[in-house]
Amino acid sequence: MASLLLTLLAACGGGGGGESAPTAPGPTAPPTAPVSYHHGDTVTIKGDFGMQDVAHSFLGGAGGMIEAQATGASMPNGNGWQFNDLGGPTSVAIDGTRGKVLFTPEDSTHYNATRRFDPGFAIGEQRYFYKAHWVRNVMLLGGVPYTKSYQWKHERINWENSVTDGDCQIKVHNWPTSQGPITIINRGGGDTSTYWGGAAADSNGGWALLEIMGYTGTLGQQDGMLITRVHKNGRTVISQNRQAERIYADPTLRLRYFVEQNYFGNFGQIEDGVDNALPKPDTRELYSDDSRVIVGRVPGQGWQRVELRDSVDLQTATVRELQDWSAWNGNITLRLNTGGLAPGVHALYLVVIDGVDAQGWDRVIHSEPVTVQVD
């Protein structure tokens with residue numbers, strides 16, 4: 001034992017007679033280069049994020065329904081999405097910013113809706129849902145951008161597969177008389193909440209990310225919530241509806257179908273009068289990308305998601321790209337979606353979101369820096 005103790009003391013520089021000779025430094029390992037991810041790479045975010053029991057769908061991303069189609073091809077129905085029963089035709093186009101996207105024109109035959117998603121069930125009480133997609137529209141008259149007022153029915157969430165204005169719908173329009181959006185929560189005849197103002201996508205403008213976040217609450221009670229947000233020109237705006245809201249009034253009517261629309265009308269109503277006979281835009285096109293739907297099957301789930309950003313804080317983020325996960329069971333596994341990132345190397349963050357605060361801003365529960373290479 002004494003021999004072992006002396007050996008330990010000598011190894012620690014203690015005991016014996018005086019200081020030991022300094023040890024020559026060993027070779028230094030080269031610094032580890034950061035991992036650079038590409039579009040479609042598998043990324044695992046490690047942590048204790050619980051389990052997700054949700055119905056969710058994503059049209060974008062590597063190998064997704066859009067990227068799997070040839071340019072110019074008609075978009076086939078599938079995975080809960082319908083593209084041609086309420087409007088059309090919808091095809092795949094190439095956009096200089098976002099790559100492969102969906103393209104739907106409006107004409108005298110095809111208008112009102114571009115696509116519809118059915119999660120497979122009506123959304124019950126006290127359930128959360130999230131709907132988002134990137135969108136831009138083009139309206140030209142004689143080859144020149146149309147600049148007068150107009151109506152654009154952006155999207156709606158309906159209890160039935162229809163674009164007819166009726167009971168139990170949430171409708172988001174760009175309305176001529178307000179020069180901005182109007183959101184209507186229609187629970188039944190004469191039972192409606194209407195909200196004016198906020199932010200909207202622009203005609204002939206750049207891409208905008210439109211978001212709807214809902215909580216259905218309790219039947220007949222004002223304990224639900226509906227938040228609309230718009231991200232454009234590198235800034236997110238909380239558009240409307242941060243207060244408590246009554247969503248359901250009839251137990252036989254439950255929100256189910258998520259409908260994206262391309263109805264354009266009421267042209268020049270402010271400038272030239274209602275039903276004026278002046279020329280209307282002869283080119284009316286809608287482009288869409290990365291449509292995302294999440295519906296919670298159980299209470300407390302449906303607003304959890306992942307984004308790629310240049311800032312953890314949503315209020316300062318100029319880059320936002322929606323992500324879709326293949327597994328959320330403690331860890332989160334996803335295929336990276338770089339969306340509309342420009343070519344080059346980007347220092348970004350993957351952020352895990354667990355709902356919103358009282359003002360409608362994301363509550364981020366985890367973030368990690370990533371380097372992203374876009375070729």
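In which strand is Ser 288 found? In this predicted model, Ser 288 belongs to strand E18, which runs over residues 283-296. The chain as a whole contains two helices and 24 strands.

The overall dimensions of the chain were examined next. Taken along the principal axes, the box filled by the C-alpha atoms is roughly 105 × 50 × 35 Å. The accessible surface amounts to about 16,400 Å², and carbon and sulfur atoms account for 52% of this surface. The chain comprises 375 residues, of which 50% count as buried. When contacts between residues at least 6 apart in sequence are considered, 68% of them join residues at least 24 apart. With regard to charge, 29 positive and 39 negative side chains are present in the chain. The centres of these two sets lie 3 Å apart.

Apart from its neighbours within four places in sequence, Ser 288 is in contact with Val 101, Leu 102, Arg 115, His 133, Trp 134, Val 135, Trp 207 and Glu 260. One of these residues, Trp 134, also takes part in a polar pairing with the serine: a polar atom of the Ser 288 side chain lies 3.4 Å from the backbone oxygen of Trp 134.

Note on methods:
Residues are numbered from 1 along each chain as its sequence is written. This is a predicted model: local features need pLDDT of at least 70, side-chain atom pairs count only at pLDDT 80 or more; totals for chains, interfaces and linings use all residues. Side-chain values use heavy atoms; hydrogens and water are left out. Helices (H or I, at least four residues) and strands (E, at least two) are DSSP runs, numbered from the N terminus. Buried means under 20% relative accessible area, exposed over 50%, partly exposed in between (1.4 Å probe, protein chains only). Contact means heavy atoms within 4.5 Å. Accessible areas come from the Shrake-Rupley method with a 1.4 Å probe; for residues, only the protein chains shown count as cover. Lys and Arg count as positive and Asp and Glu as negative; His and the chain ends are not counted. The place of a charge is taken as NZ of Lys, CZ of Arg, CG of Asp or CD of Glu. A polar contact is a pair of N or O atoms within 3.5 Å; within protein, one must be able to donate a hydrogen and the other to accept it, and residues adjacent in sequence count only if both atoms are side-chain atoms.
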